[in-house]
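Thank you all for coming.

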2 protein chains.
Amino acid sequence: MLPLRLSILGVGLLGGSIGLAARANSIPCHITGYGHRKQTLDKALEVGAIDRACEDAGQAVTEADLVIICTPVGLFEQILRQISPHLKKGAVVTDVGSTKRSIVRLAGKLLGRGVEFVGSHPMAGSEKRSVEFAKADLFANALCILTPTAKTDPQAVEKVEEFWKSLGMRLTRMTPTQHDRYLADISHLPHAAAAALVMMQTDAALMLAGKGFLDTTRIAGGDGALWRDIFLDNRDNLKSAIRRLIRNLEGLSGLLEDDKSEKLRQWLDQSAGRRQALLQKKLSEMTPD
Amino acid sequence: MLPLRLSILGVGLLGGSIGLAARANSIPCHITGYGHRKQTLDKALEVGAIDRACEDAGQAVTEADLVIICTPVGLFEQILRQISPHLKKGAVVTDVGSTKRSIVRLAGKLLGRGVEFVGSHPMAGSEKRSVEFAKADLFANALCILTPTAKTDPQAVEKVEEFWKSLGMRLTRMTPTQHDRYLADISHLPHAAAAALVMMQTDAALMLAGKGFLDTTRIAGGDGALWRDIFLDNRDNLKSAIRRLIRNLEGLSGLLEDDKSEKLRQWLDQSAGRRQALLQKKLSEMTPD
């Protein structure tokens, strides 16, 4: 069942795009948006991402069937504490955070009986943050990971899944632990590596950077505080991913010898082949049947 | 003085684009193309990248004022040996290779008196290789690095510079040693890191890859044999660059602690800021006065 009253907490790129996508997909729900900056709320109203603006998180959720927390990961605990006393019985809360273990644990601790939490991670976005970059089709054909636990009410999971599906997303489920481990590898580590690639450059070398370098480091352009919170929240997995990347780089360095030339070529071809297969898969997903 | 007779050895993406760009910029020269595959030469003739096709490198250079070697780095020695006896007195030879120390050394050893070599590295291209992707504007506003030595005839350097400038390139000069050190950092290392980022992934994590991961690893899609030759040719600098990247990754890992939260944010913001400044610089270069 789709929500009749939706609350979006944090109307930046993701929150704003959820509102626009709900409108574009003709979901007949009333949307309340919460934000701590009036300017952002005004902009969200102006572009039609929300119907009502609220500068108090608690007040923003009193009537909501579905609440989506779209604030940075570092604010989750504060937001959960603020909304918990105001949620109505039967309300379902989800989020769009890049880590899942901590919020699932916090929600279990901080939300009252009669309220269900289902962790979500819609895999969409960009290094841009503000509602000005919000797009109605940001989620179309993108993957949304849901992380229900053994304790999560199946009906609440279905409700959240139905909502993401109505925005055009593909769905998958895994445990919060699996999610955080995979995302450390495929998302947080690439960000860390891109940032390190920028930081290790001398100014003289940086002057010679081309399109390849800019592409490789694009994700390092994101907001520092936002990524700091994600990195710290997922530090165990990220440290492990960094160690494995270092081992791979050391392995590559060891292949830089004349008598390992054939092995080096195989390693490079294998890497190019894996990426090519991934690209084909992504392209086929973007052209749904 | 622009060349009247130009020979392009290797008519792939770069060689083909040089021919197309010479035509598009109305350079009145006759262009001979050499390639070891008839199919490639036919295609280069068809798209108008060359006027004459030649399946013998020596025959392709007999009348040339300017010869541009566009074969993979690994074939440079062989090509220099093949053309050396056939070059006319006063001919100038250059190249488009991603490494410069080895070809400058080889040219000094293998080319005869009366022939000048000037190393060039036009910083343009993509992970695509074939002449089918050749574009007349591939070099427009891109940077070309020239690596003359103390022994290089200044007139030959000017001739090569004038040619690249006529295709719309910006120019800079440095020593072959400087070139290879900078390029290891800004080009070869990002390629190595992108490839290692792909190789360290599990299949399960790879299933969750988004646009960010594809961008970060785009340059790892290049041809294995081609990059093997570049990596081996520049191995000392690349090994050093890998060591410095590893030190940066270890440093980042050390910041993943609650009491280093502020330092971590500063590190991430600094990285984003350096990249942003670079992006602004690139954008301003693309809009010439």
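Before I speak about helix packing, let me say how I use an angle: axes are lines fitted to C-alpha atoms, for helices over the stretch in contact, and the angles run from 0 to 180 degrees between N-to-C directions. Please also keep in mind that what you see is a predicted model.

With that convention, let me begin inside chain A, where α7(A) and helix α10 of chain A, residues 224-233, pack at an angle of about 125°, their axes being 11 Å apart. The crossing of α7(A) past α10(A) is left-handed. On the side of α7(A) the contact is made by A:Ser187, A:His188, A:His191 and A:Ala192, and on the side of α10(A) by A:Trp227, A:Ile230 and A:Phe231. Sorted by class, the residues of this contact are 4 nonpolar, 3 polar and no charged.

Now let me turn to the two chains together. How is chain B superposed on chain A? A rotation of 180°, with 0.0 Å of shift along its axis, does so with an RMSD of 0.0 Å, and that is the relation of a two-fold axis. In chain B, the C-alpha nearest to this axis belongs to B:Thr216, at 2.0 Å from it. The same surface serves both copies, in that 100% of the contact residues of chain B recur in chain A.

From α7(A) come A:Ala192, A:Ala193, A:Ala196, A:Leu197 and A:Met199, and they meet B:Leu245, B:Asn248, B:Leu249 and B:Leu252 of α11(B). This contact divides into 8 nonpolar residues, 1 polar and no charged.

Let me finish with the sheets of chain B. One is an open sheet of 6 strands in the order β3-β2-β1-β4-β5-β6, with parallel pairing. Its edges are β3 (52-54) and β6 (116-117), each with a single partner strand, so one side of each is left without a neighbour in the sheet. Strand β2 of chain B, residues 30-34, is joined to β3(B) by 3 bridges, the two running parallel, and B:Tyr34 stands opposite B:Cys54 in β3(B). Helix α4 of chain B, residues 76-83, lies across β1 (5-9), β2, β4 (66-69) and β5 (92-95) of that chain, and runs at about 155° to β4(B).

The other sheet I want to show in chain B is an open one of 3 strands, in the order β7-β8-β9, and its pairing is mixed. Here β7 (120-122) and β9 (170-173) stand at the edges, each with a single partner strand, so that one side of each has no neighbour in the sheet. Neighbouring strands of this sheet are turned by 20° against each other on average, direction ignored. Strand β8 of chain B, residues 143-146, runs parallel to β9(B) and is joined to it by 4 bridges, and the bridge partner of B:Leu143 in β9(B) is B:Arg170.

Methods:
Residues are numbered from 1 along each chain as its sequence is written. Chains are lettered from A and ligands numbered from 1 in the order in which they are written. This is a predicted model: local features need pLDDT of at least 70, side-chain atom pairs count only at pLDDT 80 or more; totals for chains, interfaces and linings use all residues. Side-chain values use heavy atoms; hydrogens and water are left out. Copies are superposed by least squares on the C-alpha atoms of residues with pLDDT of at least 70 in both. Contact means heavy atoms within 4.5 Å. Two strands pair if DSSP finds at least two bridges between them. Ala, Val, Leu, Ile, Met, Phe, Trp, Tyr, Cys and Pro count as nonpolar, Asp, Glu, Lys and Arg as charged, and the others, Gly among them, as polar. A crossing is left-handed if the near helix is turned anticlockwise from the far one by less than a right angle, and right-handed if clockwise.
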